[in-house]
Amino acid sequence: LLLTAFWIEPVQRAEFDADMAVVLKELGSMPLDLKVEDMSMTLARTEDDQDMQRFCEILSTVGTNIVIDLTYKHWSEGYDLVRSLGIPYVRLERILRPFLDMFGDFMRQKRANNVAMVFMNARDMSEAMQQMLIGYPFRTIIMDASAPDPGQNFVDRIHALRPSPTYIALFARGAAMNGIFEKVQKAGLFQRSLEWHFVFLDTRDRVFKYKRQAELCTRFTLSPRAICRSMRMTDLYCGSGFTMQRGMLLSVMRSLIETAQGMRPEVVYRDCNATDSDSSAEKRDPAAEADSTWLDYVHWSNFLTYAPPVQHLPDSTQSPVPGLSYAVNISAGYYSSEHEAKTDLAAWSSSGNRLRLLNETISPARRFFRIGTAESVPWSYLRRNPKTGELVRDRSGSPIWEGYCIDFIIRLAQKLNFEYVIVAPEVGHMGELNELGEWDGVVGDLVRGETDFAIAALKMYSEREEVVDFLPPYFEQTGISIAIRKPVRRTSLFKFMTVLRVEVWLSIVAALVGTAIMIWFMDKYSPYSSKNNRAAYPYACRDFTLRESFWFALTSFTPQGGGEAPKAISGRMLVAAYWLFVVLMLATFTANLAAFLTVERMQTPVQSLEQLARQSRINYTVVKDSDTHQYFVNMKFAEDTLYRMWKELALNASKDFKKFRIWDYPIKEQYGHILLAINSSQPVADASEGFANVDAHENADYAFIHDSAEIKYEITRNCNLTEVGEVFAEQPYAVAVQQGSHLGDELSYAILELQKDRFFEELKAKYWNQSNLRNCPLSEDQEGITLESLGGVFIATLFGLILAMMTLGMEVLYYKRKTSKLEPPITLVKPVDGNDGNDGGDDNASTGPPSAVATMKQAWHIPTMEQVKQVKISPPPSFESATFRGKKLPAKVTLGDGKFKPRQGLYSRRNLGGTTDSQMGYME
């Protein structure tokens with residue numbers, strides 16, 4: 001009879017019972033002449049020696065031949081009792097120790113620092129916890145995939161891990177690995193294949209059905225044939241329902257049975273109720289002394305081997321007996337659908353307890369970081385459809401980030417060789433401290449470990465430096481400035497007419513009309529005018545009719561002048577006064593027009609924050625709860641605090657009171673007025689709304705106070721906006737990491753190298769591209785006066801041209817109508833006989849011109865001179881008035897002798913009878 005007592009842990013109970021039942025069934029099918037029985041005892045490890053009492057009860061009632069210890073922690077009381085009674089003792093090492101040793105060596109090759117290990121059940125996780133006492137070469141977290149508690153779900157825990165693990169390993173048997181991987185895929189956790197490792201705890205790795213999805217993932221497998229040969233079993237056994245604990249128990253029992261069949265060890269009993277004296281008086285039986293050594297004759301199979309002792313644990317927790325383990329070879333490779341024969345990376349053997357590299361391509365996977373940022377144009381913003389405003393997403397459905405900081409992150413990832421995911425805060429923006437003393441936004445995520453570091457439009461504030469560490473700034477000093485719309489100047493074709501008011505123009509027209517009438521009146525009634533004094537002016541002079549007077553008054557406004565002036569002294573005095581009026585009005589108009597156009601260009605609503613605070617026409621606002629808003633809140637608080645301190649100091653002064661006797665408060669109180677105006681204008685939700693409000697106010701009566709860098713960026717994209725005033729409250733932008741983070745030095749060095757390479761200057765030129773302003777239309781300040789402003793001058797000229805053409809047409813029509821009245825229609829009559837009784841008269845009577853005596857016998861009807869004299873014909877102007885217009889004539893010009901010389905006129909050519917009554921002449 002072979003009675004075997006097993007010491008096990010509570011967490012091992014389910015697995016042990018199932019495996020032991022299979023082992024006993026296998027042993028029962030073997031031809032044995034020895035009866036095998038087993039007893040298992042779960043160690044509770046309580047302080048009332050309950051475990052010892054139960055073991056003593058087993059020894060006193062049943063007895064045992066050998067004790068097999070499967071526990072994780074050495075039970076010193078039980079071990080001392082077993083040794084004192086001479087009972088053979090065998091300690092089995094943890095089942096997962098070869099796998100954990102192998103995985104630790106492999107992670108050391110990859111220089112891992114954060115590893116998440118997921119096990120298929122609680123027993124495996126407990127063994128991994130014992131391995132953690134020995135020490136892993138990396139920081140690790142251990143999880144149970146079978147935990148029923150929702151709070152212990154391994155998928156949710158991995159999602160919540162901060163920082164995110166560099167590698168994730170799944171320890172399971174082939175069939176269980178499928179279920180675990182399905183949970184991982186369903187939760188969307190499987191994203192970077194190089195981070196995942198599949199450790200198969202049995203020989204059935206071929207049942208894993210997600211090889212294609214696990215492309216490039218590392219796998220650790222066993223060779224079924226090698227294990228079965230070392231156990232002297234058929235290959236079919238190791239390929240179906242085989243576990244390492246089951247095979248180890250079966251090999252141990254077979255080796256013990258083979259030795260016990262030859263030596264027949266005795267069963268050892270112990271009466272736990274015996275007195276101490278009986279115990280001390282009791283001596284060991286020599287047979288028992290001999291039987292206690294039968295374990296030394298056991299020949300373990302090739303499948304079993306002794307595990308190396310652990311040197312790191314204290315002696316009180318380490319068993320003095322080396323643990324019995326199993327010999328196994330584990331191969332490491334990766335899944336590949338293209339190069340199946342070239343996927344082996346390394347091999348690990350329990351005999352040498354070391355990892356042997358098969359491929360030199362083993363290299364660390366790229367590190368993975370969660371980088372915090374918040375939407376802020378142009379630093380980091382989500383790509384949107386320019387027409388609909390909807391978010392643009394990639395193939396996986398994630399939004400696409402763009403901006404200055406995103407380009408910075410991409411370049412940093414290339415330089416430091418890491419992968420990343422951008423994390424936006426769920427609450428808040430950049431980070432503010434609430435009433436509970438908790439941070440939100442980007443800073444809050446960094447403080448809570450939701451992100452590894454933050455690259456955003458994050459300004460270095462003293463309160464933020466208390467909870468996070470800032471690295472060297474990546475952007476030059478930025479601050480707060482004012483954005484306002486360029487005023488839209490009202491363009492008018494008759495803009496030059498707005499220089500003078502309507503009543504002034506009407507007064508000028510009235511003066512012109514009145515002067516014209518007075519010139520006509522004085523020239524008509526003055527006895528010394530050229531019209532009324534012909535003897536004094538024998539030459540032709542200008543006749544100032546009403547029409548000619550209006551023309552004189554109108555042309556006096558031109559540089560050419562009005563022409564010949566009136567001859568009378570009264571008329572000349574009137575003209576002199578009028579000319580003085582014209583000169584003054586022209587000078588006034590010219591000066592006012594130049595000043596009007598110049599001042600209009602130079603007009604700007606405000607030039608500084610102080611001017612903005614003093615005026616009331618322009619409304620202004622900020623982004624609600626932004627850094628700019630908080631700046632004005634803090635400045636108002638500082639003003640109130642200073643005023644209260646000054647007031648207390650002035651009122652409570654007991655000495656030198658006269659020094660505080662002043663009429664005005666010595667500090668400007670402008671931020672309180674600014675904050676009041678901001679609150680009355682309603683702070684906007686975001687920067688885009690603020691810029692839209694500015695653009696909508698064409699009269700430049702709305703200003704937006706915001707970050708100067710963002711304002712400069714918006715100006716390059718919107719030609720209607722401009723920046724006024726100087727930048728104030730300057731603060732740098734910098735990268736933030738967790739306090740004491742090991743990434744601080746590495747990132748700082750990378751930032752300094754990028755600054756040396758002028759990378760940030762390239763980004764600034766990209767996002768603040770001043771060449772975009774070239775596409776903006778030129779303003780009047782840059783291109784001068786436009787045609788839209790002075791187009792009325794050309795329209796007036798065109799109107800005069802059209803009016804002249806219409807007048808020309810009217811003149812032609814009028815002239816034709818007048819001519820038709822002066823020239824009656826020519827009537828063709830029958831010729832009369834011109835021979836007067838002479839036969840064979842002159843042959844030329846019918847063809848030559850009639851003689852002077854035959855006037856009454858003319859063939860054509862010609863009007864007489866009396867008819868012509870009835871028509872009023874205006875004499876032609878004199879040569880002097882037509883050319884020199886009253887000016888002094890040059891001495892070398894001769895005008896003639898003033899005698900009247902006849903010439904053949906119009907009627908002379910038509911005088912068929914040769915009469916001289918119709919002759920006309922001219923004055924030379």
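What follows is a chat about a predicted model and some of its local features.

Colleague: Let's start with charge. How many salt bridges does the structure hold?

Modeller: The structure holds 31 salt bridges.

Colleague: Take Glu753. Which side chain does it meet in a salt bridge?

Modeller: That of Lys415, with N to O at 2.8 Å. Glu753 sits in helix α24 (residues 743–756) and Lys415 in helix α13 (residues 404–416), so the pair ties together parts that are 338 residues apart in sequence.

Colleague: And how does Lys415 count for accessibility, and why?

Modeller: Lys415 counts as partly exposed because its relative accessibility is 35%.

Colleague: What about Glu714? Where does it lie, and which residue is its salt-bridge partner?

Modeller: Glu714 pairs with Arg717, and their closest N and O atoms are 3.3 Å apart. Both residues lie in helix α23 (residues 708–717). They are 3 residues apart there, about one turn of the helix.

Colleague: Is Glu714 buried or exposed?

Modeller: Buried, because its relative accessible area is 15%, and the cut-off for buried is under 20%.

Colleague: One more pair. What does Arg501 form a salt bridge with?

Modeller: With Glu503, at 2.9 Å between the closest N and O atoms. Arg501 is exposed, at 59% relative accessible area. Glu503 counts as partly exposed, at 45% relative accessibility.

Colleague: Now the surface. Which residues gather in a patch of negative charge?

Modeller: Glu47, Asp48, Asp49, Glu77 and Asp80.

Colleague: Where does Glu77 lie, and how exposed is it?

Modeller: Glu77 is in helix α3, which spans residues 76–85. Glu77 counts as partly exposed, because its relative accessibility is 45%.

Colleague: And Asp49? Where is its place?

Modeller: Asp49 is in the loop between β2 (36–42) and α2 (50–61). At 49% relative accessibility, Asp49 also counts as partly exposed.

Colleague: What is the phi of Asp49?

Modeller: Positive, about 55°, although Asp49 is not a glycine.

Colleague: Why flag that?

Modeller: Because most residues other than glycine have a negative phi.

Colleague: What about the phi of Gln682, then?

Modeller: Gln682 has a positive phi of about 65°, and it is not a glycine. Its place is the loop between α21 (671–680) and α22 (687–696). Gln682 counts as exposed, because its relative accessibility is 55% and the cut-off for exposed is over 50%.

Colleague: On to the backbone at Pro378. Is the peptide bond from Val377 cis or trans?

Modeller: The bond from Val377 to Pro378 is cis, with omega near 0°. Most peptide bonds are trans. Pro378 is found in the loop between β15 (367–372) and β16 (381–382).

Colleague: Last topic, Val298. Buried or exposed?

Modeller: Val298 counts as buried, because its relative accessibility is 9%. Val298 lies in the loop between α12 (286–291) and β10 (304–306).

Colleague: What does Val298 touch, leaving out residues up to four places away in sequence?

Modeller: Ser255, Leu256 and Thr259.

Colleague: How far apart are Val298 and Thr259, in sequence and in space?

Modeller: They are 39 residues apart in sequence. In space, Val298 and Thr259 are 5.5 Å apart, C-alpha to C-alpha.

Notes
Residues are numbered from 1 along each chain as its sequence is written. This is a predicted model: local features need pLDDT of at least 70, side-chain atom pairs count only at pLDDT 80 or more; totals for chains, interfaces and linings use all residues. Side-chain values use heavy atoms; hydrogens and water are left out. Patches are made of residues with over 30% relative accessible area and no salt bridge: like charges are joined within 9 Å, nonpolar side chains (Val, Leu, Ile, Met, Phe, Trp, Tyr) within 5 Å. Accessible areas come from the Shrake-Rupley method with a 1.4 Å probe; for residues, only the protein chains shown count as cover. A salt bridge is a side-chain nitrogen of Lys or Arg within 4 Å of a carboxyl oxygen of Asp or Glu. Lys and Arg count as positive and Asp and Glu as negative; His and the chain ends are not counted. The place of a charge is taken as NZ of Lys, CZ of Arg, CG of Asp or CD of Glu. Helices (H or I, at least four residues) and strands (E, at least two) are DSSP runs, numbered from the N terminus. Buried means under 20% relative accessible area, exposed over 50%, partly exposed in between (1.4 Å probe, protein chains only). Contact means heavy atoms within 4.5 Å.
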